[in-house]
Amino acid sequence: MKQMNLLQAVNNALDLAMARDDTVLCFGEDVGHFGGVFRATSGLQDKYGNDRCFNTPLTEQGIVGFANGLAAKGLKPVAEIQFADYIFPAFDQLVNETAKFRYRSGNQFNVGGLVVRTPYGGGIAGGHYHSQSPEAYFVHTPGLRVLVPRGPVQAKGLLLAAIDCPDPVIFFEPKRLYRAAVAEVDEGHYQLPLDQAEVVRQGSDITLLGWGAQMEYLLNAAELAEGEGISCEVIDLQSLLPWDEDTVVESVLKTGRLLISHEAPLTGGVGAEIAATVQQRCFLYLESPIARVCGLDTPFPLALEKQYMPDQYKILDAIHATMNF
């Protein structure tokens, strides 16, 4: 075991994947000698050469189109988009090509082994263009897998599993946690299940559900609520597409209440889909309406970032409202 932050865990996962399989390639804007905008690929070009870790032109649609072609030929491209806010020029490639390659070819061709990594989310005072959470756009598209780790252990295990996955994966990395989240990480090769939520805290009064950097706020809110005698069960969804309905439903059947929190705006967010599904499967067991604590329905602000972010205090307020309904 070795202490790593989330960024080091991503780098370690890429290093192990490239060492184990010479079809794994890393590329993107400045990922070569520079190591990427956050240095997630530091040292990989020196170790594996310019042919396996290299810079691309500043064209996101070109990066993903190139990755599609490589994956269709049996390679395992791990493409980096510098910020998730810049993924939209590649949107057509991802939702019309990457996601549908296997379906439209009648399973003659696929792009399994393709992973698109990208830093996402707020909390770094980046303003719009550097702080958005665009996961809902991709969760609407069958054919993709969408993953978000909450810490170094999950980042490494999920990324290694994504690289071996027969489906294309979009891997959103919470950049607020790149250096802030530190844990003891297994230095060897290990994988975590790609479609399984994790119950990270047991409770009996209310289920709190989130993913990525929002998990820190949910756990903080659970601690505050415990001091008031409220027992919170906390679940990290980890995989947003597909998502683990059974684990969430099982928890809500036990607690009778659900609160969902994500950084992305409320309207049309992934939380809405989860709330609809849980309402359908747990209607007669719910003690109160399902609560959502999310980003505001505005462009991501710069100066008012703290007002925009759904933090532990907003979550605690929602816990009170749900418990007292």
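A search of the whole structure finds 0 disulfides, a disulfide being a pair of cysteine sulfur atoms within 2.5 Å. The model is predicted: local features need pLDDT of at least 70, side-chain atom pairs need pLDDT 80 or more, and totals for chains, interfaces and linings use all residues. Numbering starts from 1 along each chain as its sequence is written, and side-chain values use heavy atoms, without hydrogens or water.

Buried means under 20% relative accessible area, exposed over 50%, partly exposed in between (1.4 Å probe, protein chains only).

Pro 149 lies in the loop between β6 (145-147) and α7 (152-164). Helices (H or I, at least four residues) and strands (E, at least two) are DSSP runs, numbered from the N terminus. Pro 149 is buried, at 0% relative accessible area. Beyond residues up to four places away in sequence, its contacts (heavy atoms within 4.5 Å) include Gln 154, Phe 171, Phe 172 and Gly 212.

Helix α3 (residues 60-72) and helix α4 (residues 91-98) have axes that come within 8 Å and cross at roughly 25 degrees. The two helices are therefore roughly parallel, a label for angles under 35 degrees. Gln 61, Val 64, Gly 65 and Asn 68 in α3 meet Gln 93, Leu 94, Glu 97 and Thr 98 in α4.

Conventions
Axes fitted to C-alpha atoms, helices over the stretch in contact; angles between N-to-C directions. Parallel < 35°, antiparallel > 145°, perpendicular 65-115°, else oblique.
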